[in-house]
Amino acid sequence: MKGRQLGERTSDLEVIFNEPQHSFRWYEHDYPYPLARWNHHPEFEIHLIRQGNGKLLAGDYIGHFGPGHVALMGPGLPHDWISDLAPEQRIQGRDVVLQFDGEALLRLRETLPELGELQSLFSRARQGIEFSGETACTVARLLEAIGQTVGLKRLVLFLSLLETLAQAGADESRILASPQYAPMLDNLTSERMNRIFDYILGNLAGEIRMSTIAQRLQMSEPAFSRFFKRTTGHTFVELIRKLRIQRACRLLLQSQQSIADICLEVGYSNLSNFNRHFRHEMHTTPSDYRKQLVLHSIIKK
């Protein structure tokens with residue numbers, strides 16, 4: 001699906017510092033986490049989700065992620081992995097992140113011509129790439145191993161990681177953002193987008209009005225609508241629907257609430273509308289989705 005906060009949100013610039021003894025940055029973090037937000041940076045980023053589910057936003061793309069999700073984000077591409085959690089809920093060690101300067105690597109081609117093989121991968125990554133299958137499994141293993149090593153061995157694993165990504169076939173990699181997506185990276189856009197997401201995520205259970213957030217941003221509704229569509233690739237209504245259905249999925253998984261109660265808790269006053277929107281997003285009904293989750297849990301045991 002083309003398309004963390006909603007609205008025409010400018011992404012925050014993340015300033016990245018490598019450790020002096022390493023040529024790239026590797027770290028892991030829980031969720032929520034201060035840097036886990038709609039952001040962009042000049043570095044490339046390889047991202048692994050160890051556990052948890054939610055929505056991935058990459059430019060104008062919105063899609064689902066789950067455990068084992070692997071993606072490569074290019075420079076300047078706004079991105080965010082949003083897990084809808086209950087108050088005070090936390091996912092320990094959800095993310096593994098590796099960030100590196102791709103341009104610096106390519107500048108070494110005069111002395112290390114083999115690095116030129118990365119040019120195609122880096123060009124495609126500017127729209128974001130999601131990996132699956134054996135490629136994702138191999139990348140996950142290498143990312144975990146990198147976190148346990150130092151020195152030359154760490155560098156060798158990093159190059160092996162890049163080779164794995166570069167050699168991924170079309171059946172195990174796909175481009176995320178649309179070719180026409182042009183990110184808005186100014187500070188005002190970022191500030192607006194963060195305020196939009198705060199408003200939306202804080203009011204998913206209640207009434208969300210475009211007029212309210214437009215007024216808070218001192219914009220007319222038409223101007224806000226254009227800004228939001230241009231920034232996210234989606235309409236305001238589309239994004240709210242996706243985030244509400246994401247929260248419904250969490251409640252179906254983690255609670256014994258009735259579907260009617262969940263419908264109300266995620267901001268729908270009409271059960272038929274909720275069922276219709278759920279089927280549109282998940283390609284199944286809420287009741288069948290819950291049955292599938294139960295069956296999957298039984299099989300795993």
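Contact here means heavy atoms within 4.5 Å, while helices (H or I, at least four residues) and strands (E, at least two) are DSSP runs numbered from the N terminus. Axes are lines fitted to C-alpha atoms, for helices over the stretch in contact, and angles run from 0 to 180 degrees between N-to-C directions.

The views below come from a predicted model, in which local features need pLDDT of at least 70, side-chain atom pairs count only at pLDDT 80 or more, and totals for chains, interfaces and linings use all residues. Residues are numbered from 1 along each chain as its sequence is written, and side-chain values use heavy atoms, with hydrogens and water left out.

View A. Two strands pair if DSSP finds at least two bridges between them.

View B. Strands of a sheet pair through backbone hydrogen bonds, either parallel or antiparallel. Here S7 (residues 70-73) and S10 (residues 129-131) take the antiparallel sense, over three bridges.

View C. S8 covers residues 79-82, with histidine 79 among them. Four bridges join S5 to S8, and the two strands run antiparallel; lysine 55 stands opposite isoleucine 82 of S8. His79 and Trp81 point one way from S8, Asp80 and Ile82 point the other way, and all are buried. Buried means under 20% relative accessible area, exposed means over 50%, and partly exposed is in between (1.4 Å probe, protein chains only). Histidine 79 has a relative accessible area of 1%, which is why it counts as buried. Leaving out residues up to four places away in sequence, histidine 79 touches Arg37, Trp38, Asn39, His40, His41, Glu45, Leu57, Ala58 and Met73. A polar atom of the histidine 79 side chain also lies 2.8 Å from the backbone oxygen of leucine 77.

View D. Arginine 50 joins two glutamates in a salt-bridge network. A salt bridge is a side-chain nitrogen of Lys or Arg within 4 Å of a carboxyl oxygen of Asp or Glu, and a search of the whole structure finds twelve of them. Glu28, Arg50 and Glu144 are linked in a network of such bridges. In the pair of glutamate 28 and arginine 50, the closest N and O atoms are 2.7 Å apart. Glutamate 28 lies in strand S2 and arginine 50 in the loop between S4 and S5 (54-58), so the pair links distant parts of the chain, 22 residues apart. Arginine 50 also meets glutamate 144 in a salt bridge (2.8 Å, N to O). That pair connects the loop between S4 and S5 with helix H3, 94 residues apart. Glutamate 28 is partly exposed at 43% relative accessible area, arginine 50 is partly exposed at 26%, and glutamate 144 is partly exposed at 28%.View E. Arginine 250 and aspartate 84 form a salt bridge, their closest N and O atoms 3.4 Å apart. Arginine 250 lies in H8 (residues 236-254) and aspartate 84 in the loop between S8 and S9, so the bridge ties together parts that are 166 residues apart in sequence. Are these two residues buried or exposed? Arginine 250 is buried at 13% relative accessibility, and aspartate 84 is buried at 10%.

**View F. Helices H8 and H10 cross.** H8 and H10 (residues 271-282) pack at an angle of about 95°, with their axes 10 Å apart. The two helices are therefore roughly perpendicular to each other, a label for angles of 65 to 115 degrees (under 35 is roughly parallel, over 145 roughly antiparallel, and the rest oblique). Arg241, Lys242, Ile245, Ala248, Cys249 and Leu252 in H8 meet Phe274, His277, Phe278, His280, Glu281 and Met282 in H10. Glutamate 281 of H10 is buried, at 6% relative accessibility.

Conventions. Polar contact = N/O pair within 3.5 Å; in protein donor to acceptor, adjacent residues only side chain to side chain.
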